[in-house]
Amino acid sequence: MKKRTLSLALAAAMAVSLAGCGSSSSGTADKPAETKSAEGAQDTGAEEAASDWKWERNVEIICPWGTGGGADTTLRTFASALEKELGVSVVVNNKAGAGGVTGVQFATSQPADGYTYLLCTQSPMLAQISGATDFDVYGKIKPLCQLVHDCNIFVTSSKSPYSNYNELKEYAQANPGKVKCGVMTITGLDAACVEAAFEGDVEAVAYTEGSQLNADVIGGHVDLACVGPAEVSAMLESGDMKVVMSCTEKKLTLAGFENVDSAGDLGLDCFFGPSRGIFYTEGTPEAAIKSFEAAAEKAVASEEFQTWAKQQGLDQRQGWLNTADYQASWDNDYKDLTEMFGTK
């Protein structure tokens, strides 16, 4: 792994992003996204702490990315189910910029009064690890619960001369500097997938709109895209795109993916996929955290959320994680990503 190369590339990309602004990764086994009991949140003490908190006004959840993407749609679906459990409105506030770091900074600047939370993935933390930002993402936000754990795939135009990873790798090596892959977060996990899978043979290029990236892939203006399955499902069904590889330990069980090579099949360590979860800042009342966790577990287990998750292909990995389990997963991600992409 050329970790220093990626760190420098991410740092340079973040500098450009910040100037213009004024989505467990490795080693997490694929598991069905069944609702997991929030052990530890259901004991007597936790129940009493949760019952001590009464929701009296709207709850705000910051989304560090723009509308229409995977993070935004996940949060809005969750918010709809959550407000039925809390009994108050849940407002989504999009604060996009700098690969998610702008939204994280905004969230940490708000009062820790139990009414403001953050949806986040590992991408802003990776920006910190790689040296692309000096903001202490890992130290400033704390995991509350994981909602879903998505995976990444590489797609290309149906007219491309390659149909699988080995053909693509051979083509890229025969055409140095030609093959480029569009990503939505140049400092995040999708860019890390590109580097880990191709080790410099394919260059990651930044896009701000998923619709433009899809159009450019279909039109042959960019060779590849590293995206979530749901983001390109319509193009795959229409035959305008084809899947080159999934960044997962095993083959996906989604319809149409059964014969697509996984990174695990190919011996590649690029299992990066965004785990989307809710975070809070230090000082948030413990009773509010416990009450939110209990309500969130019910919201994620609801028919509304589970039906949506399956439709989005988010049933390929473990979804719900309670506070304790999500903290352990977040810490493990920090350790693994630091070992792979840290600047020191």
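Keep in mind that the model you have open is predicted.

**Stop 1: the sheet**

Start by selecting the strands β5 to β9. You'll see an open sheet of 5 strands, running in the order β7-β6-β8-β5-β9, and the pairing is mixed. Now look at the two edges: β7 (203–206) and β9 (241–246) each have a single partner strand, so one side of each has no neighbour in the sheet. Going from one strand to the next, the twist averages 35°.

Zoom in on β6 (residues 180–183) and β8 (residues 224–227), which pair in the parallel sense over 2 bridges. If you want a landmark there, pick C181 and find L224 of β8 opposite.

**Stop 2: V183**

Stay in strand β6 and click on V183. Is this residue buried or exposed? V183 is buried, because its relative accessible area is 0%, and the cut-off for buried is under 20%.

What is V183 in contact with, once you leave aside its neighbours within four places in sequence? Select D190, A191, V194, A204, V205, A206, Y207, L213 and C226 to show those contacts. For one of them, try the distance tool: the C-alpha atoms of V183 and V194 lie 8.8 Å apart, and the two residues are 11 apart in sequence.

**Stop 3: α3 and α12**

The crossing is right-handed.

To see the contact, select F78, A81, L82, E85 and L86 on the α3 side, then F292, A295, A296, K298, A299 and V300 on the α12 side. Colour them by class and you get 9 nonpolar, no polar and 2 charged residues.

**Stop 4: α3 and α13**

Keep α3 on screen and bring in helix α13, residues 303–311. Here the axes come within 9 Å and cross at roughly 165°, so α3 and α13 are roughly antiparallel. α3 passes α13 in a right-handed crossing.

For the contact, select T73, T74, T77, F78, S80, A81 and K84 in α3, plus E304, F305 and W308 in α13. By class, that contact has 4 nonpolar, 4 polar and 2 charged residues.

Key
Residues are numbered from 1 along each chain as its sequence is written. This is a predicted model: local features need pLDDT of at least 70, side-chain atom pairs count only at pLDDT 80 or more; totals for chains, interfaces and linings use all residues. Side-chain values use heavy atoms; hydrogens and water are left out. Two strands pair if DSSP finds at least two bridges between them. Helices (H or I, at least four residues) and strands (E, at least two) are DSSP runs, numbered from the N terminus. Axes are lines fitted to C-alpha atoms, for helices over the stretch in contact, and angles run from 0 to 180 degrees between N-to-C directions. A crossing is left-handed if the near helix is turned anticlockwise from the far one by less than a right angle, and right-handed if clockwise. Contact means heavy atoms within 4.5 Å. Ala, Val, Leu, Ile, Met, Phe, Trp, Tyr, Cys and Pro count as nonpolar, Asp, Glu, Lys and Arg as charged, and the others, Gly among them, as polar. Buried means under 20% relative accessible area, exposed over 50%, partly exposed in between (1.4 Å probe, protein chains only). Angles under 35 degrees count as roughly parallel, over 145 as roughly antiparallel, 65 to 115 as roughly perpendicular and the rest as oblique.
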